[in-house]
Amino acid sequence: MMLQNFVNSGKERLQVVSDFDRTISVCSYNGQPCLTSNAVIEMSPYVSNELRTKFKELRDFYLPIEHDFQMSKEKKLPYMIEWWTKSLDLVVKTQIESSNLKDIVRNSTTHLKNGCKWFFHTLERHDVPLLIFSAGIGNVIEEWIVQECGSYKNMTIVSNFMTFDEITKKINGFSGSLIHIFNKNEGVLLDTKHESSILNRPNVILLGDSLGDTDMANGFPSLNHVLKIGFLNDKVEEQLSDYMKAYDIVIIKDDTFMIPNAVLRSII
């Protein structure tokens with residue numbers, strides 16, 4: 001059994017790769033939908049109604065394409081690149097300031113899953129590298145985790161990070177290459193500091209909430225085992241069969257980290 005191999009190999013051979021939105025963050029709270037890291041910016045009071053309408057128009061057009069089970073990943077890809085590019089361009093037009101981020105996150109309907117703080121602390125305490133991959137907004141994710149859990153020296157976040165003008169402090173673009181839902185994988189980390197931290201860690205716990213997330217550990221040839229844990233948050237009847245094929249463990253409509261924590265506890 002794969003998990004037994006993880007236990008036998010020990011924590012020194014382990015690394016964790018995770019998605020963020022609706023994997024680490026919750027889908028709903030007290031019966032109300034929670035925002036993704038992108039939507040936290042879109043719905044903030046610093047964004048005009050005109051721009052908010054444009055964000056919605058993009059989402060209404062492209063989201064059905066993303067969720068079209070009949071369309072292949074290859075056909076979806078150009079649409080997803082187009083969506084993310086247009087959406088990030090709109091984020092730049094918001095002209096939010098770096099000093100606004102704390103309030104934007106604090107006042108949004110955002111929450112992390114119950115139990116993820118223990119998960120983060122345990123990984124750090126045992127020096128297990130944690131890579132968070134997200135096609136969302138990296139600055140929001142970073143602030144979100146700091147406000148709810150703290151900061152962690154073993155955590156690397158790969159996402160779309162906003163950059164700010166040194167004088168005006170207003171957003172002026174994004175750093176690095178575009179990260180969208182279909183290019184989140186460890187191949188983009190070759191020749192980086194994070195790569196050196198995981199070279200002798202061939203066992204991976206992978207956490208995601210979409211079928212595309214199962215590719216996040218791709219890119220490194222030295223992996224032995226990848227234990228894939230998937231959160232199936234909606235459209236269960238339509239998607240369960242595909243999720244069961246793609247993931248080793250499927251967690252259905254559960255906004256806690258109970259299962260990942262149990263897996264980690266058995267290895268540590």
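In which loop is Arg22 found? Arg22 lies in the loop between E1 and strand E2 (28-29), where helices (H or I, at least four residues) and strands (E, at least two) are DSSP runs numbered from the N terminus.

The structure is a predicted model, in which local features need pLDDT of at least 70, side-chain atom pairs count only at pLDDT 80 or more, and totals for chains, interfaces and linings use all residues. Residues are numbered from 1 along each chain as its sequence is written, and side-chain values use heavy atoms, with hydrogens and water left out.

View 1. Most residues other than glycine have a negative phi. Lys253 belongs to the loop between E10 and H10. Lys253 is exposed, with a relative accessible area of 60%.

**View 2. Helix H3 (residues 49-66) against helix H4 (residues 73-94).** The two helices pack at an angle of about 165°, and their axes are 10 Å apart. Axes are lines fitted to C-alpha atoms, for helices over the stretch in contact, and angles run from 0 to 180 degrees between N-to-C directions. H3 is therefore roughly antiparallel to H4; angles under 35 degrees count as roughly parallel, over 145 as roughly antiparallel, 65 to 115 as roughly perpendicular and the rest as oblique. H3 and H4 cross in a left-handed manner, meaning that the near helix is turned anticlockwise from the far one by less than a right angle, whereas clockwise would be right-handed. The residues of H3 in this contact (heavy atoms within 4.5 Å) include Leu51, Phe55, Leu58 and Tyr62. Those of H4 include Tyr79, Met80, Trp83 and Leu90. By class, the contact of H3 with H4 has 11 nonpolar, 2 polar and 7 charged residues. Ala, Val, Leu, Ile, Met, Phe, Trp, Tyr, Cys and Pro count as nonpolar, Asp, Glu, Lys and Arg as charged, and the others, Gly among them, as polar.

**View 3. Helix H6 (residues 116-125) beside helix H10 (residues 258-267).** These helices pack at an angle of about 25°, with their axes 9 Å apart. H6 and H10 are therefore roughly parallel to each other. The crossing of H6 with H10 is left-handed. From H6, Trp118, Phe119, Thr122 and Leu123 meet Pro260, Asn261, Leu264 and Arg265 of H10. This contact of H6 with H10 comprises 5 nonpolar, 2 polar and 1 charged residues.

**View 4. The buried and exposed faces of H10.** Pro260, Asn261, Val263, Leu264 and Ile267 are the buried residues of H10. Seen down the axis of H10, they fall within an arc of 160°, so they line one face of the helix; the arc is that of the directions from the helix axis to the C-beta atoms. The exposed residues Met258 and Arg265 are carried on the face turned away from the buried side of H10. Among the elements that cover the buried residues of H10 are helix H1 (2-9), strand E1 (14-18), H6 and strand E8 (203-208). Strand E9 (225-232) and strand E10 (249-252) are also included in this cover.

**View 5. The two sides of helix H9 (residues 236-246).** In H9, Val236, Gln239 and Tyr243 are buried. They cover an arc of only 85° around the axis, which puts them on the same side of H9. Glu237, Met244 and Lys245 are exposed on the other side of H9. The cover over the buried residues of H9 includes E9 and E10.

**View 6. Ile157 in strand E5 (residues 155-160).** Ile157 has 17% relative accessibility and therefore counts as buried. Leaving aside neighbours within four places in sequence, Ile157 is in contact with Ile132, Ile141, Glu142 and Ile145. Ile157 and Ser134 are 23 residues apart along the chain, and their C-alpha atoms are separated by 7.7 Å.

**View 7. Ser175 in the loop between strand E7 (171-174) and helix H8 (193-198).** With 35% relative accessibility, Ser175 counts as partly exposed. Not counting residues up to four places away in sequence, Ser175 touches Phe161 and Thr163.

Technical notes
Buried < 20%, exposed > 50% of the residue type's maximum accessible area, 1.4 Å probe, protein only.
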